[in-house]
Amino acid sequence: MSTVNTQYKHLAPNPKSAYRQLFIKGRRIRAWVIYCDHVAQDMTAEQIAEDRDLPIEAVRECIAYCASNPPEVRGDLIREEESMRARGMFDPEHRRTGKTRILTPQEHARINRIPDPSP
């Protein structure tokens with residue numbers, strides 16, 4: 001994990017999650033979600049902190065962490081996309097019906113074994 005040498009006050013792994021990226025401590029909010037609010041929704045750190053009832057320092061840590069492009073975040077995104085592909089969510093039929101395939105335990109295991117990309 002790229003965060004080995006960085007100490008975060010408000011971020012930590014969530015051992016109960018399949019996601020490998022950091023979460024806000026005591027909350028089930030991935031750092032990437034906060035970063036997306038900041039970048040895609042064009043929200044300031046102050047707006048995010050207020051909307052989500054978070055300390056501003058936690059929001060700033062999330063933004064800095066994700067802006068550093070850690071391999072565990074990229075790996076989570078790759079695994080999530082592969083899971084969506086395996087479920088058929090990119091197929092035209094899914095767009096028409098909204099139905100997805102149920103993954104087998106073997107498919108879950110294969111997707112979970114996809115490594116984080118090298119820095």
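Predicted model: local features only at pLDDT ≥ 70, side-chain atom pairs only at ≥ 80, totals over all residues.
R85 forms a salt bridge with E82, and the closest N and O atoms of the two are 3.3 Å apart. Where do R85 and E82 lie? They are both in helix α4, residues 71–86, three residues apart, which is about one turn of the helix. As a reminder, an α-helix has 3.6 residues a turn, so residues three or four places apart point the same way. E82 has a relative accessible area of 18%, and the cut-off for buried is under 20%, so E82 is buried.

E82 has another partner. R110 forms a salt bridge with E82 too, with the closest N and O atoms 3.1 Å apart. R110 lies in helix α6, residues 105–112, while E82 is in α4, so this pair ties together parts that are 28 residues apart in sequence. R110 is partly exposed, with a relative accessible area of 35%.

How many salt bridges does a search of the whole structure find? It finds ten. Another of them joins the side chains of D37 and R52, at 2.9 Å from N to O. D37 belongs to helix α1 and R52 to helix α2, so the pair ties together parts 15 residues apart in sequence. D37 is buried, at 14% relative accessible area, whereas R52 counts as partly exposed, at 28%. There is also a network of salt bridges, which links R20, D76, R79 and D116.

Now helix α2 itself, residues 45–52. Here A45, I48 and A49 are buried. After α2 comes D53, whose phi is positive, near 55°.

In soluble globular proteins, nonpolar side chains tend to be buried together. In this model the largest nonpolar core has 20 residues, and those with the most contacts inside it are L11, I24, I34, L54, V59, C62 and Y65. The elements that give it two or more residues are β2 (22–24), α1, α2 and α3. Which element gives the largest share of this core? It is α3, with six residues.

Last, the aromatic rings. The count comes to two aromatic pairs. The rings of Y8 and Y65 have centres 5.7 Å apart and planes at 80°, so that pair is edge-to-face. Y8 lies in the segment before β1 (11–13) and Y65 in helix α3, so the pair ties together parts 57 residues apart in sequence. Y65 is buried, with a relative accessible area of 0%.

The other pair is W32 and Y35, with ring centres 5.5 Å apart and planes at 35°, so the pair is tilted. W32 and Y35 both lie in helix α1, three residues apart, about one turn of the helix. W32 is partly exposed, at 22% relative accessible area, and Y35 is buried, at 19%. One more ring: R30 lies over the face of Y19, at 4.0 Å from the ring centre.

Methods
Residues numbered from 1 in each chain as written. Heavy atoms only, no water. Buried < 20%, exposed > 50% of the residue type's maximum accessible area, 1.4 Å probe, protein only. Helix = DSSP H or I, 4+ residues; strand = E, 2+ residues; numbered from the N terminus. Core = buried A, V, L, I, M, F, W, Y, C linked by side-chain atoms within 4.5 Å. Phe/Tyr/Trp six-rings, centres within 6.5 Å; stacked < 30°, edge-to-face > 60°. Lys NZ or Arg CZ within 6 Å of the ring centre and 35° of its normal. Salt bridge = Lys/Arg side-chain N within 4 Å of Asp/Glu carboxyl O.
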